[in-house]
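Open your viewer and get ready to select residues by number. We will go stop by stop, and each stop says what to click and what is there.

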Amino acid sequence: MPQSSKNIEAICILGGGTAGWMTAAALAHKLRGLPIRIELVESDEIGTIGVGEATLPLIRKFNEALNIDEATFMKETDATFKLGIEFCDWGRPGDRYIHPFGDYGQPIDEIPFYQAWLRLRQLGETARLDDYSYSIMAAELGRFQRPKAGHDSVESGFGYAYQFDSSRYAQFLRRYAEANGVIRTEGKVASTTCDPESGFVRSLTLDNGKSATAELFVDCSGFRGVLIEQALKTGYDDWSHWLPCDRAIAVPCEAKGALTPLTRATARQSGWQWRIPLQHRVGNGHVYCSRFISDDEAATQLLENLEGPALASPRQLYFTTGRRRKFWNRNVVAIGLAAGFLEPLESTSIHLIQEGITELLQLFPDTSFHSSDADEYNDRMGLAFERVRDFILLHYVANQRDAGELWLHFQNLVLPDSLDEKITAWMTRGHIIKYEFGTFLPPSWLAVLLGQNLVPRGYDPRVLNIPENRLLVESRRLRETVLAAARRTPDHVAFIRQAGGTSDRAPLTAGVS
């Protein structure tokens, strides 16, 4: 361990791709003006996963923090806008719901609107809770606009994200990072040198004879975890007993359907299939459990359910759901797939990269590498992974499917205590436990719980103080307001064009009329 502390003067990021170049761009921007050398080591011979094309609304804060112009970003990455995620066949075959990036309705007497809806449901009201969500109604119509700042209306209280080509995003951020002083070094790691006393990583020797030295190393080397695992033997917590899907097949296809502001996840017999509409193509993939279906069967199922001709050969991916036992070990911080993996059912892959970068900047070390900083980082990131795990697992256990070994597996699963408590609180009294820290807010949990037919036995008793006629009148007015606002929202494709975000590569199709 270093005997005296001083400021970090050199950072080495191992691995490019989305994780590596997001990290490089963010560090270069946030540490600008400081005498810190930032080097990224990657090899063109090592491919990147590059299938994480759907994001959550906080990606906008990342781009904004780097002063990235939205229109330029969209042109460079063939991006489309995203108002939520559509889930098909998850509760029961034939079911469909949308997880929106926004709340449902507006509070009545400071009571969340969904509590009033539960009461209305008992009174025989047939309107969907979805009918009170501007995000959902606009998405179903194929419409999009940015939230109206300064307005206290249904058109202001929602968020949005993007669907984009992650490989192009990495290339875009590489240009940004290099323009801001990041040094890219080509090469594969041949050996790693660690300090014999502290165990800290001191340098990397590359296969081309070059070397890279630094005080802080960021491991973005993907599943291999070249530094965090191969060098430091950190260990891995395997969560496949809860989330047994262990493989995926990805393939792009021509866009034949509408360019909707939605990612879609459709349940299949032994997993699920994603659809991510970009400007120039549609990203598709099949996540599945190899215990219940063969690779060939999974590939056939995916290819048979594409909306247009495949544009490339399917890519096979292998993974074990879980996380490193430490994300920050000695002087190495793991970000991206080197840190852990959770299937992209709720578009969390890029978000967890962003979380890792944000926490690193908040707890940025000096050369003494205080253990309290690493402990705090590990606690925060561990909590982030665990709460995303619980949210993804909810989709699987809240199902009423009676066919398929995968789905039957979840019917007798012993849940993590954290998720069990959340479901119990909901089912008994319609209460959603709020977390101080966590990726998904109560409306997200509400979307999945009700969307997959988990209707609580009770609701907030304060709703009984609201006269029945007032509930009926205010809910009808709100429903009409939401629908009218959605109908006057611009078409999604038209808005992309109007915003100046159209890519030259983009065979944009019409939206939903």
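Buried means under 20% relative accessible area, exposed means over 50%, and partly exposed lies in between. Keep in mind that this is a predicted model.

**Stop 1: the cysteines**

Select cysteine 12. Is cysteine 12 buried or exposed? Its relative accessibility is 0%, so cysteine 12 counts as buried. Now look for a sulfur partner. A disulfide is a covalent bond between the sulfur atoms of two cysteines. The closest cysteine sulfur to that of cysteine 12 belongs to cysteine 220, 10 Å away, and this is too far for a bond. Next, select cysteine 194. Cysteine 194 is in no disulfide either, since its nearest cysteine sulfur, in cysteine 12, lies 13 Å away. Cysteine 194 has a relative accessible area of 29%, so it is partly exposed. How many disulfides does the structure hold? The count is 0.

**Stop 2: an open sheet**

Switch to a cartoon view. Find the open sheet of 6 strands. Trace the order S7-S2-S1-S11-S20-S19. The pairing is mixed. Which strands sit at the edges? They are strand S7 (183–186) and strand S19 (328–329), and each pairs on one side only. Zoom in on S19 and its neighbor, strand S20 (residues 332–334). These two run antiparallel, joined by 2 bridges. Select tryptophan 328, then valine 333 in S20: they are bridge partners.

**Stop 3: salt bridges**

Side chains of opposite charge can pair when their charged atoms come close. A search of the whole structure finds 36 salt bridges. Here are some to visit.

Select arginine 488 and glutamate 155. Their side chains form a salt bridge, 2.8 Å from N to O. Compare their surroundings. Arginine 488 counts as exposed, at 54% relative accessibility, whereas glutamate 155 counts as buried, at 6%.

Now select arginine 281 and aspartate 165. Their salt bridge spans 3.3 Å, N to O.

Move on to arginine 462 and aspartate 460. Their side chains meet at 2.7 Å, N to O, in a salt bridge. Arginine 462 counts as partly exposed, at 42% relative accessibility. Aspartate 460 is buried, with a relative accessible area of 15%.

Then select a group: Glu86, Arg96, Arg128, Asp130, Asp131, Glu140 and Arg264. Salt bridges that share partners join them into one network.

**Stop 4: an arginine without a salt bridge**

Finish at arginine 268. Look for it in strand S14 (residues 262–268). Arginine 268 is buried, yet it has no salt bridge. Which side chain of opposite charge is nearest? That is aspartate 89, 5.1 Å away. A salt bridge needs the nitrogen within 4 Å of a carboxyl oxygen. Now show the contacts of arginine 268. Leaving out residues up to four places away in sequence, arginine 268 touches Gln273, His286, Gln301, Asn305, Arg401 and Trp407.

Conventions:
Residues numbered from 1 in each chain as written. Predicted model: local features only at pLDDT ≥ 70, side-chain atom pairs only at ≥ 80, totals over all residues. Heavy atoms only, no water. Helix = DSSP H or I, 4+ residues; strand = E, 2+ residues; numbered from the N terminus. Buried < 20%, exposed > 50% of the residue type's maximum accessible area, 1.4 Å probe, protein only. Lys, Arg positive; Asp, Glu negative; His and termini not counted. Contact = heavy atoms within 4.5 Å. Disulfide = S-S within 2.5 Å. Pairing = 2+ DSSP bridges.
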